[in-house]
Amino acid sequence: MSPAEDAALAAALFAVDPAGLGGVCLHSLVQPARTQWLEMLRDLLPRDVPVRRIPFNIGDGGLLGGLDLTATLAANRPIAERGALAATDGGVVMLCMAERLSPHTAACLNAVLDCGAVITQRDGVLICDRARLGVVAQDESMDEERVPASLLDRLAFLVDLNGFDLRTPLPPLHDREQVRSARSLLPRVQIGDALIEALCGTGLALGAGSVRVSLLAVRAARAMAALDGRSRVGTEDAVEAGRLVFAPRATRMPQPAPKEEGNDAQPGETGASPDAAREDQPAPPSSPAEDRGDNAAHEELPGADRELLPGADDVILAATQAAIPPGLLARLRSEAGARRGAAVPGRAGLLRAGGQRGRPAGTQVGASRGHVRLNVMETLRAAAPWQRLRGRTVGSNARLMVVPGDFRVTRYLERSQTLTIFAVDASGSSALHRLAEAKGAVEMLLAECYVRRDLVAVITFRGRRADLLLPPTRSLVRAKRNLAGLPGGGGTPLASAIDCAALLGGQALRRGETPLLVMLTDGRANVALDGSGGREAAHADALLAARRLQRLRMAALFIDTSPLPSPPAADIAAAMGANYLPLPFADARVLSGVVSAATARSGR
Amino acid sequence: MQSGTRTVFPFSAIVGQEEMKLALICAAVDPSIGGVLVFGDRGTGKSTAIRALAALLPPMRAVVGCSYACDPAEPDAWCVECRERAALGTLKERSIPVPVVDMPLGVTEDRVVGALDLERALSQGVKAFEPGLLARANRGFLYIDEVNLLEDHLVDLLIDVAASGENLVEREGLSLRHPARFVLIGSGNPEEGELRPQLLDRFGLSVEIKTPDRLDERVEVVKRRDEFERGKAEFVAKWKKPDAALRRRIVAARKRVGSMATPDAVLESAARLCMQLGTDGLRAELTLIRAARALASFDQAEAVAVAHLRRIAAPALRHRLRRDPLDESGSSARIDRAVHEALEA
């Protein structure tokens, strides 16, 4: 099947069981293919199914519900307002720019997906609304941002629409009528133990996600059978399901398992399942005649099931393996798993919205909008003295008179986050033991930082370019894992490293964080920005990059790691506006001490 | 919100994850152990297990009409209202399910600590206190999913209350205090952020769980979950007996745990183990002994033995080791090594 057909099939399966399958992550920029896919989904969903768009920066109140202020003031008692999720019960939520979703909002959404209900307490009201729904997470990410992994774990299909031919429309494989009958058939669809086992085995062999993902694959297989009008999942349904659910998540190729003779034992083990299946299958498939494809044959014959199943796991695995996007595994290996599980970049939206985290520090006049929450008590207190003047008679049942000028919002004092960016020279000229020391310093600093809730990022540069080894994070676990695999050797592309640091620092500044750059290098640039060699050109490029960085006015620390302090390094440091520290014999502890001191100076 | 209103997955039907189940049971046997932190991979049934525990626990006696579910048998821990009730002779009691209160991430501070009762303030002009989640969790469990993503000011609040067992309310012109003793249960994924060390220390036991990598276990998880979702009532009925048996064992262990004999040799071994690991303070040792005692009671043993220490050492000590970022082996491996050296000798 072509990727376009797979995308269309995912839409149809999701339309059959949105809540059961959790959802679809649609990776694509705004383009015809995405619009087409969304239109296709809408055409497949029964007309009475609610569909609702949710912006990524939705507040908790909008998402989960909260106090309906207007109704509350009118009724003189707290009245709850349903949030977007509860209002979409039984339907589909379209989550725009899902890569910008904050971990907090993602966690709220996850809880709702898990429970099938919104259960929370907000603004003095208890909220308990049914919300069985599916999510279409529209992922427009281009760089480091990713849809929170915890959400992806709950969505059955990851569909990548990038690179689709814009002229050929997506092939609609099913229509609304088929989806409707599949929906009514779905509760009766049975699946044999052997197929469950085969699907789980495929997920495990390919390292494709948690057990939850395997469960999603089982449900997808059910939806597939229902869509084909059969009340029993066949091998080909499981093949389709495995391919759609597991292939985009594969993290490894299956190990060629030691095929012992024990494989023959499987039919005996699972022999009971077809019998059991025959028992609980009193209702024959609703319309076998209509769907007389080649698959109907073995479904009718009780014995055929048994014959087909022993090989099912191999078939599913092979089909899934064949569908793994080309280059996916290579990319994963090169990233050393850095991006998988990267949920932290999503912090950006949260912080920029600002003003709602930290310690409460009094109230101020202002309206409730977006993330800023109205302080109801203070608002009422502000309104109270004016009631008589505004014409509310004492003891009457008239509404409380609140005018916009009474609105009060809580102010929060937020300590500015410090982001320490390490740019570590891993080139051949920096001796390898330097690298080990730099790693040690980063880890030690992180251990200190996480008490203060500071962020750390690591850029390494060697060979032709600089890489973001560790995106801004607080996690010791990730830092350790990423640092452990850091290789050394090659040229010194200092200019790229400085540019990379400037980019990261600029992003941090825009988020309202305080960046601090720590460069660990001998300053001997020998690779220019364009990747060509040559000491002079490289040094000139590095100087220019340093001046660009200086314009950001971020605090920087240039640690010269060469055995003898060198003038070129000092020049670059001066151009960056950095503190120049020749530390030929610095070890991890000294480095960490110097950086802590610099953080204390620059941060707050 | 109250877990009883939803059909939850039966505790006995949870596949594998023995360490997590054991830690939760120990916390249920002896709440003074001080809570459980469950850190691990996604999709490993963290929330499922904790919600299932709620359904498993036997009911408790509480004062009728008390917002904090005071224990009629413990006058020392009574709230102000219950003392008044007792003085007036109007104190009545009844059986209620052990509260397991979810602290959802989107929660606002007023719901956690309690706030001015808006309805009465608006309609009657009365200044009355409306208890929050901390009040409802008194004598029960407070469960925080994604505890590592909790907002800082809420974490500060929890650290304070978990230490003192009392909630101090100073807001909106209200000034009062009420009992808030609960077992803190937190879960999260370490890749999404670390936990503040102060909060980490409030948890008695900490469990690391991993995605099962054995096929048969994964298949069983998927099958049971699938069966549950397709017929909740039947599935719960099927597991009713094992759940009931487990409940009886927990109840029996609770009765026994107070009088559990702890031989000096075991105390010495525990001390040796903690010294070997260089854990800070006495809290580690106390927790280790308490947890071993709870485990021994649950095992229906005559006395605490070194074997109990060995089984509970990792969850009791794992999160109390001093962090050494340059040590590549995880805390679990360090504990294994120390257990081997201190307890096998």
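1. Let's start with one pair of strands in chain A. Strand E5 (residues 92–95) and strand E8 (residues 134–139) of chain A run parallel and are joined by four bridges. One residue to look up here is A:Leu95, whose bridge partner in E8(A) is A:Ala137. Keep in mind as you look that this is a predicted model.

2. Now step back to the sheet around that pair. It is an open sheet of five strands in chain A, with parallel pairing and the order E2-E5-E8-E1-E9. Strand E2 (51–54) and strand E9 (157–160) of chain A are at the edges with a single partner strand each, so each has one side without a neighbour in the sheet. On average, neighbouring strands of this sheet are turned by 20° against each other, direction ignored.

3. Next, find helix H1 (residues 3–16) of chain A. Helix H1 of chain A lies across strands E1 (23–27), E8 and E9 of chain A, and its angle to E9(A) is about 145°.

4. Which residues touch the most other members of the largest nonpolar core? This core has 206 residues, and the answer includes A:Ala11, A:Leu199 and B:Leu288. Helix H11 (residues 211–227) of chain A gives the most to this core, with 13 residues. A second, separate core has 53 residues, among them A:Ile421 and A:Met576.

5. Beyond its neighbours within four places in sequence, A:Leu199 is in contact with residues including A:Ser214, A:Val218, A:Ala241 and A:Ile316.

6. Finally, turn to chain B. Its secondary structure comes to 15 helices and 11 strands. Of the 345 residues in chain B, 49% are buried.

Note on methods:
Residues are numbered from 1 along each chain as its sequence is written. Chains are lettered from A and ligands numbered from 1 in the order in which they are written. This is a predicted model: local features need pLDDT of at least 70, side-chain atom pairs count only at pLDDT 80 or more; totals for chains, interfaces and linings use all residues. Helices (H or I, at least four residues) and strands (E, at least two) are DSSP runs, numbered from the N terminus. A residue is buried if 20 or more other C-beta atoms lie within 10 Å of its own, exposed if 12 or fewer, and partly exposed in between; C-beta atoms are placed from the backbone. A nonpolar core is a set of buried Ala, Val, Leu, Ile, Met, Phe, Trp, Tyr and Cys residues joined through C-beta atoms within 7 Å. Two residues are in contact if their C-beta atoms, placed from the backbone, lie within 7 Å. Two strands pair if DSSP finds at least two bridges between them. Axes are lines fitted to C-alpha atoms, for helices over the stretch in contact, and angles run from 0 to 180 degrees between N-to-C directions.
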